[in-house]
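Here is a short note for a colleague opening this entry. Please read the points with the structure in view.

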There are 2 protein chains.
Amino acid sequence: MSTHRDQDRPLAGLRVVECATFVAGPSGGMALAQLGADVIRVDPIGGGPDHRRWPVAPAGGSLYWNGLNKGKRSVTVDLSAPEGRELVTALITAPGPQAGILLENTGRAWLSHETLAKRRPDLIQLRIQGHADGRPAVDYTVNAATGVPGVTGPETTAAPVNHVLPAWDLLTGMTATTGLLAALHRRQRTGRGGLIELALADVALASVANLGWLAEAQTTGRDRAKQGNHLYGSFGVDFPTRDRRRVMVVALTASQWRSLCRVTGTEKVFAAMEEALRADFSQDADRYRWRKMIEPILRPWFEDRTAEEAGRELGAARVLWGPYRTFTEVLERERENPLIADVEQPGAGAVASAGSPLRWSGTGPVPPVAAPRLGAHTHEVLSDVLGLTQADLSRLSRAGVIRGASPDR
Amino acid sequence: MSTHRDQDRPLAGLRVVECATFVAGPSGGMALAQLGADVIRVDPIGGGPDHRRWPVAPAGGSLYWNGLNKGKRSVTVDLSAPEGRELVTALITAPGPQAGILLENTGRAWLSHETLAKRRPDLIQLRIQGHADGRPAVDYTVNAATGVPGVTGPETTAAPVNHVLPAWDLLTGMTATTGLLAALHRRQRTGRGGLIELALADVALASVANLGWLAEAQTTGRDRAKQGNHLYGSFGVDFPTRDRRRVMVVALTASQWRSLCRVTGTEKVFAAMEEALRADFSQDADRYRWRKMIEPILRPWFEDRTAEEAGRELGAARVLWGPYRTFTEVLERERENPLIADVEQPGAGAVASAGSPLRWSGTGPVPPVAAPRLGAHTHEVLSDVLGLTQADLSRLSRAGVIRGASPDR
């Protein structure tokens, strides 16, 4: 089931303990597992607050939890008992140059770096936070505060439009893995570990700044308005097709714009319009400024074609385009994609599961694997890593300090 | 200006060549520069297709390009000339255990791994693609095909709602850095480099699968509908306040829900409603199912308070909340945040710029730095890395093969 024993994988041999819930931490831990690390997710007995998070399968298992925890080993321990905390501390600070790496979002004192580093001074610990000052936050509250919902959605909707994709969570997860691997590189060079903190709110703030959106408000002294489905600062918008579908079309560069005009047979009309408007549509700024004049000129070409026909012609002309799909359609279309396969998941049956998007020459694509059953590796890990005997494990189980695999849901 | 000489940084000494444009590759390269790597961005003379991308400053410089290329060294070379290509190839394949790392999105044959690995067999090359089969794609076309726009936006809007944040680009950038650092870890262990490919479309597809959204469509046999600003599968929505502002409030766990009820004084009414509806609002599923009954009960509490008052009380009660802000307000509120500072940027003046959200114990926060002027490090890099003499550089300049710093815009 899990792939952590494959010695050819980039992170083979590395051991990471994960004490994290919901999306950010677990998605980062999963990426490390997909790269070959042995990722041990620690949960309280019965599971963390994300263990039943929606969407759930008709059979009761969380498709969300399964999706975000594939390929890890699962250990469940009574985290309120001193003996349980000691087991987790021992797992985190176990010796070895490839161990001593912790990814967490708990904010708990007994997992503070100060406490843990007493046991293993070169521990690498990455703590994910809501806000940098310790205030809690989640993707959706952070997103509101970035300003992005205010520029999202139809121009006619005054209210902010929330994103559905937890983009900040996902981005924080991969920022965390980048930070952990950079810290590992440093430890290998210098022997030093350390605490790395990463706040969801800071990831979001840095991103809107990096895109130039804060500097734009600062230099123009005003906030931009909603643009509906139009791309900001160049040309891109969606078009309905003859078969009542919709495609997204983007001309980000002058050459993409020329291709779009050529394939849609609109070169002459745009040349005439450029002259009349004193515009130059080869420039981003002018394509953006006149987007509402450009869009209606292109629309009939799409209305004359099915989405498939339009896509074929646009593709041949190397115009950037994408069909709009529902999740059902995505699933159907991606049946041939080796990134997605039906995998038997706990409490869910065989369901569509994703591998890693990173494709490695030599080792091939990393296929999707199952999530662990909650607690499935408790005994195995405590015996492997801490050398606990069968007698120790039995005593801890009887005392309620640890628990093995739970039933399917 | 650039910080690549600071020996205490996690990636100090590492050299990465970046031949990439727009968001994904450059944002990844920038993250490596912020971790201390010497990141050399190579562009054609005059700049890549992203060099003037919006938003632009009134003075003409691209706030977007500046934001995504901070702390790198910039080299401009005639990429259509054989001699220019040879210089770039030599930079990429220069010897040293800390060099030989390439991040690119060009798809060009002269930058194929086969060609480059002949010169340096242990080269690590990460190639970002649109689609895995080589078809071009950008964030906005990929996003349409994920299914996300179909579940985003007001319930009353039938049409898909595009995101504004290029979430897939940003996520691909940090997936790329994770892949590069994992490959470096493997090369240090085994001596082997290799090609790693990463398609924007695969990052998006894997993400919607990881969140359980494809498996949900598969197991239920239907597509979920739009939920407006409601959080899917639990309780979270925005509320207007007395001062005509708006706050986002989320109760993801039973304990957060109890806190929200307590602070808003709604415990009794919800208890009565739970009895009448035979519901249990401590369960995600019931909070979600009855969200449109719950929302109006909470609303008056918000209408009685300013956003600041509501935030203060919610914060004290540890309820998850966030204010909605415009970019101008974000800028104003984050003035005290060390992550953001005004930095003199090429062609833009002193503008709000972000450092790295990763906070390192021992080395402190990484402050924002400037982007290079296009081509500013051409001579320096070719002399440092390839040992070119002043006479070589003069000859190459005269022949138009290289160019140094361009004027401000």
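This is a predicted model: local features need pLDDT of at least 70, side-chain atom pairs count only at pLDDT 80 or more; totals for chains, interfaces and linings use all residues.

1. Residues are numbered from 1 along each chain as its sequence is written, chains are lettered from A in the order in which they are written, and side-chain values use heavy atoms, without hydrogens and water.

2. Chain A superposes on chain B by a rotation of 180° with 0.0 Å of shift along the axis, at an RMSD of 0.0 Å (least squares on C-alpha atoms of residues with pLDDT of at least 70 in both). The copies are thus related as by a two-fold rotation axis. Both use the same surface: 100% of the contact residues of chain A recur in chain B (contact means heavy atoms within 4.5 Å).

3. Chain A has domain 1 (15-207 + 340-403) and domain 2 (246-323), with bounds from an automatic or database domain assignment. Their C-alpha centres lie 44 Å apart.

4. In chain A, the axes of helix α9 (residues 254-264) and helix α12 (residues 291-303) come within 10 Å and cross at roughly 45°. A:W257, A:L260, A:V263 and A:T264 of α9(A) meet A:I294, A:L298 and A:W301 of α12(A).

5. In chain B, the axes of helix α5 (residues 139-146) and helix α7 (residues 200-210) come within 9 Å and cross at roughly 35°. B:D139, B:V142 and B:T146 of α5(B) touch B:L200, B:A201, B:A204 and B:V208 of α7(B). Helices here are DSSP runs (H or I, at least four residues), numbered from the N terminus; axes are lines fitted to C-alpha atoms over the stretch in contact, with angles from 0 to 180 degrees between N-to-C directions.

Terms used. Helices (H or I, at least four residues) and strands (E, at least two) are DSSP runs, numbered from the N terminus.
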